[in-house]
Protein chains: 2
Amino acid sequence: MPRFKLTIEYDGTGLAGWQRQTDRASVQSLLEDAAEKLAGARCEVVGAGRTDAGVHAAGQVAHVDIPKPLSPYNVMQGLNYHLEPLTSQVAVVKAEEAPDDFHARFSATGRGYRYRIVNRQARLALDLNRAWHIPEKLDAQRMHDAAQGLLGHHDFSSFRSSICQSKSPMKTLERLDVTQDGEDITIHARARSFLHHQVRNMAGSLRMIGNGKWPPHRLKELLEAKDRTQAGETAPPQGLCLTRVWY
Amino acid sequence: MPRFKLTIEYDGTGLAGWQRQTDRASVQSLLEDAAEKLAGARCEVVGAGRTDAGVHAAGQVAHVDIPKPLSPYNVMQGLNYHLEPLTSQVAVVKAEEAPDDFHARFSATGRGYRYRIVNRQARLALDLNRAWHIPEKLDAQRMHDAAQGLLGHHDFSSFRSSICQSKSPMKTLERLDVTQDGEDITIHARARSFLHHQVRNMAGSLRMIGNGKWPPHRLKELLEAKDRTQAGETAPPQGLCLTRVWY
């Protein structure tokens, strides 16, 4: 049965997140409903990253086996055609033939996330569901410098959600850059994989460095404390976007 | 009575546009409703650009006279406070004291618009209400080169809406750049003022240059024809954003 690698974009606002839920529409269930219409049979759609409710994706990757001879182009257009009556928030950007042993989640060698902050006094209109509004002045350079202390292979328990299902809290953070363009501050994070809420929890602590309430070295101390209760708040979901998955 | 210059951002999706309407919420009427709550009296809010339904703004400018002693900061926060129950789509980003003779519309010396195209086969999800989806391949460099032929002082009748209220079709186009970043193609337009639908009509004709259906010199011929029926379609409103007003 031909396997396809899908690149998927979604606006997560109001959706239950990636994973199938019994009570609310999720990105996975919407894609599986569309795939069923296209293929005439239920097909599992396996995603690289299980994004939470309200989180967006510009480059989520998934795989699906379609029991029907279709070209990649027809898989993309067919899924989009059948998605259209279900939602306007999810689109399949690309479909490619993939080897049988390609697994969107287990074959992935890296995941890239972007966390967007709008740093200004006025509330948000254009970016309301796309960014975290932080009114107090942030020092993005200070955030960036402190963030570098988290790079490498560590126990990230201090930035781990209590419901995280990962077997180990050990992760290797490859990139944590903070850039600024006027009132837009963006955190760029990359790792082979992340703990549940890790990026949002790091963003919450970076806010405290940026607004000066915490000294920069506090971030590294938090890492060593391995204690979630000492870290900052969990940044809200709408600022987060899964931008890319590497294989 | 103190006059304030307001910088305003809005997501125009579903709104009637800038100007007050009898039947639907417009940006102007929402701001006037908020100003009435803040000032205890009806105040006219005069905008620099009368954007159409569905068009966005990142830097619309307006002026308003508030018959109450308030600091600029309190005008901004007060308007946003009273806007909140009415809409999440409009925000006052900045308020500044302005001289009595400052007029948001007549004092303006330039207006900048951005028109966003997403050029790819797959339909849009993240940019659904923020860009024009064009599936056929566009050559952005060809669009940019042809666009330069429209610069300067001309009769823009070929790119003018039939309901345009401007006294003259003569306008001076100062900038019409087309840039590309992957699948994102952006048209940047600047002039002292524009005719009704001028930017959207130029975008519609630039599509025909970009997809190769028209030769590049056709754009300049259209300008000389002074005939709206020969030009391209009117590009849809959601791609357009008023980015800046100069004084």
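Me: What do domain 1 of chain A and domain 2 of chain A bury between them?
Reply: They bury about 1200 Å², 53% of it on carbon and sulfur atoms. Buried area is the accessible area (1.4 Å probe) that two parts lose on being put together, summed over both. This is a predicted model, where local features need pLDDT of at least 70, side-chain atom pairs count only at pLDDT 80 or more, and totals for chains, interfaces and linings use all residues. Side-chain values use heavy atoms, without hydrogens and water, residues are numbered from 1 along each chain as its sequence is written, and chains are lettered from A and ligands numbered from 1 in the order in which they are written.

Me: Where do the two domains of chain A lie?
Reply: Domain 1 covers 3-98 and domain 2 covers 110-246, with bounds from an automatic or database domain assignment.

Me: Why is the pair A:Asp52 and A:Arg200 called a salt bridge?
Reply: The term asks for a side-chain nitrogen of Lys or Arg within 4 Å of a carboxyl oxygen of Asp or Glu. Here the closest N and O atoms are 3.7 Å apart, so the pair qualifies. Between the two domains of chain A the count is two salt bridges.

Me: How do you know how chain A and chain B are related?
Reply: Chain A can be laid on chain B by a turn of 180 degrees and a shift of 0.0 Å along the axis, with an RMSD of 0.0 Å. The copies are thus related as by a two-fold rotation axis. The superposition is by least squares on the C-alpha atoms of residues with pLDDT of at least 70 in both.
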